[in-house]
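Hi,

Here is the structure I said I would pass on. Have a look at it first, and my notes follow below.

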Amino acid sequence: VITGLVEGGCAERCAIDVIRAGDSIAAISVQRTLQRTGTISEEETYVAVTECLGYDATVDAILGLPQASEGGEDDGVEEQELTLTIKRIRQKPKVKVNLRYPPNQNEPDATIEMYAGENLRMGMLVRNVKLNDPLAKRFDTKSGGNCGAGGLCRTCAVSLLRGGDLLNPQKVSEKQMLEDTPRGRLACKAFVGYGMQEGEITLQVNPRQWGQDSEEWS
């Protein structure tokens, strides 16, 4: 793992961020084009796998590669190319979710932070967000409780005010269930950060309790 760059070195002078601290050198390869006879050339490739090696083992692997050619007339080397294969740990994108509660719930608006790929319902529940609207128009045979993320009870439905493109597209069943509520999503079927995006979502929790604004949920 690279802990730093040599000041004034090639990597540090690159205009783009080719190598940075924290990167892992997975492999080093040397490709040589050799002039054999006349116009016939032959390529040779040598690879040293260095992933997960310590410093000393990485140095030993590098020293095991053919040394750079001086370009003399007798060595037969026309071209020589050195390739570093770098692996970089990507930080998982985060999505800010702004929560707006209905006035009768006497709950202050809040903001939570979720990681791309998290399920909206589960992410809200583990962060102690009061979800599961008792006034929801159900599509199952129960009279209370929730369907356990089965996508039938609509008790986890939310109304999107902004950032809908940061959620995964609706499937047919969810579209049919919410066809009368164009801003609605079932939190149990929604995943934030679709396409590994970062951004901000604003939504209304328990939308049927928002008075006049809840008419589309009736």
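Keep in mind that this is a predicted model.

Backbone first. Met196 is not a glycine, yet its phi is positive, at about 60°. Met196 sits in the loop that runs between β7 (184–186) and β8 (199–205), and it is partly exposed, with a relative accessible area of 37%. Asn206 has a positive phi as well, near 50°. You'll find Asn206 in the segment after β8, and with a relative accessible area of 3% it is buried, since that value falls under 20%.

Now the salt bridges: the structure holds nine. Among them is the one between the side chains of Glu51 and Lys87, at 3.2 Å from N to O. Glu51 is in the loop between β2 (40–49) and α2 (55–63) while Lys87 belongs to strand β3 (residues 77–87), so this pair ties together parts that are 36 residues apart in sequence. Glu51 is partly exposed at 34% relative accessible area, and Lys87 is partly exposed at 43%.

Another pairs Lys94 with Glu113, with 3.7 Å between the closest N and O atoms. Here Lys94 comes from strand β4 (residues 94–100) and Glu113 from strand β5 (residues 110–115), so parts 19 residues apart in sequence are tied together.

There is also a salt bridge between Asp109 and Arg100, whose closest N and O atoms are 3.9 Å apart. Asp109 is partly exposed at 45%, as is Arg100 at 26%.

Cheers

Terms used:
Residues numbered from 1 in each chain as written. Predicted model: local features only at pLDDT ≥ 70, side-chain atom pairs only at ≥ 80, totals over all residues. Heavy atoms only, no water. Helix = DSSP H or I, 4+ residues; strand = E, 2+ residues; numbered from the N terminus. Buried < 20%, exposed > 50% of the residue type's maximum accessible area, 1.4 Å probe, protein only. Salt bridge = Lys/Arg side-chain N within 4 Å of Asp/Glu carboxyl O.
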